[in-house]
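Q: Please take a close look at the surroundings of the ligand in this model. A connected account of the residues and elements found there would be welcome.

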Amino acid sequence: MTRTKKHRTVQQSTPLKEPTPSDLSNIVHDTTPPDLSDIVHDTTPSALSESIDTEQDQSASQHHPHSEREAQQEASWAHLSQGRWNLDEAERVGFRCTLIAWYRQQRRDLPWRDTKDPYAIWLSEIMLQQTRVETVIPYYHRFLARYPTVFALAQAPLEEVLAMWSGLGYYRRAKLLHQAAKVIVEQHAGEFPPSHHAILSLPGIGRYTAGAIASIAFDEVAPLVDGNVFRILSRLFYLLDPIGSKELERASWQIAEQLVRGDLPGDLNQALMELGATCCLPRKPTCLICPVRSWCRGFASGKVAFLPTPKRTKESPLWQVAWAVVQKEQAILLVQRPEKGLFAEMWELPGLYQPGKTEISETTLLQALQDFGLFASSPQILGRYRHLLTHRKLSITVYSFSEVHALPTTLTTHFRWVDPNNLPNLALSSITRRVLKEIASSHANLQAEEQRFHK
Ligand code: SF4
């Protein structure tokens, strides 16, 4: 059976018997791979070394064929990559078995790996979005200890949940998690809905997360595709459409839907994730020890370094931020941000945000503070910070004042005095936490100096 049978669909194929879970332990990694002879044009050592050294990937988006031969190759590859999403049944089964067997032998020991509890799986999936595994692990344990069930989470005050999330970033995830917990309690009597379709209707759960929960917790044959899986599939199946394009999305979901069919859909999905996390890395994929290298068209083409095709990114807009340190003895004034938008409902120093490169003037800052009910004078710069968010860059200037009068009548519950040495359980962004920490440490230095002076 060769890859030239491009139009053969899964339905047309003679169904092959897929091994049972117990058979998987006997599977070795060299399950007969598909015949790549019709598509391998260049597997010379130089082509292979290019595929495993992605340091040169800086110019991936500007890659152009250097010779007529290369141009022909690329045209040929582009042709082959089109309409290839109907996988040959033998190829599909062989790939699945090899990948699952590898996963079962090599998977990392992660706390959410050995549970079928949909709540715990959901929590891990939400925490892992845009966040590294090492960062997530202590949060996952703390969160589950505090809220061991959906009921416990639904009953907790949102502010407390946001505080528990503090430091993980992307706080909207925590808000939606809390909202979804309430829906599960109110509409499903606290039982996690056991189908992909129903899970997808919960707040904050998209196609990927629904696929992960349904397949891992309920063994439902549900595919998943995230950034890692886009990368793996674009390399494995030589998908040339750029990241973020509808074409890549469509092709990837079609392939994922075919790959997940069969027993152990949860293991197959986790195996794909594991492959992306440990082997098919964004930079320097370890192709030489990859369990599915025999199936990998990107590897065979020697073009792994150029896959997936990067999307053209716009530069993040720059925003100016001016923050005021208003002190009352050891305490510092924090304000709560609005319900929607950047850092929604988080606590931070009073001040203002403004798009553009022009720094916020002291007069504008003083005026903004008056709007909070604070009358200050003689601002002095305490420090400057740069902070990078997903969609914008912040240039932050922090000021202190020789004198500040707070009008108690205008201060609302959205203001709080906090001791920076002993921060209460408040939802703070990482940059606010950093600034407060530095203020606390400069206070400590100042006190130490004063004590030395008076000795
Ligand atoms: S799937 Fe395997 S062989 Fe292919 S690019 Fe990724 S690591 Fe390399």
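A: The residues of the shell around the ligand divide into 11 nonpolar, 1 polar and 2 charged, where Ala, Val, Leu, Ile, Met, Phe, Trp, Tyr, Cys and Pro count as nonpolar, Asp, Glu, Lys and Arg as charged, and the others, Gly among them, as polar. The structure is a predicted model, in which local features need pLDDT of at least 70, side-chain atom pairs count only at pLDDT 80 or more, and totals for chains, interfaces and linings use all residues. Residues are numbered from 1 along each chain as its sequence is written.

The shell comprises 14 residues, the closest being Arg235, Cys280, Cys287, Cys290 and Cys296; a residue is near a molecule if its C-beta atom, placed from the backbone, lies within 6 Å of it. At least two shell residues each come from α11 (227-236) and α14 (297-301), helices being DSSP runs (H or I, at least four residues) numbered from the N terminus. The largest share, 3 residues, is supplied by α11.

Because 8 of the 10 residues of α11 are buried, this helix is largely enclosed by the rest of the structure; buried denotes 20 or more other C-beta atoms within 10 Å of the residue's own, with C-beta atoms placed from the backbone. The buried residues of α11 are Val229, Phe230, Arg231, Ile232, Leu233, Ser234, Arg235 and Leu236. Their cover includes α12 (246-260), α13 (265-278) and α14, with contact requiring C-beta atoms, placed from the backbone, within 7 Å. Just after α11, Tyr238 takes a positive phi of about 50°.

Note on methods:
Buried ≥ 20, exposed ≤ 12 C-beta atoms within 10 Å, placed from the backbone. Contact = placed C-beta atoms within 7 Å.
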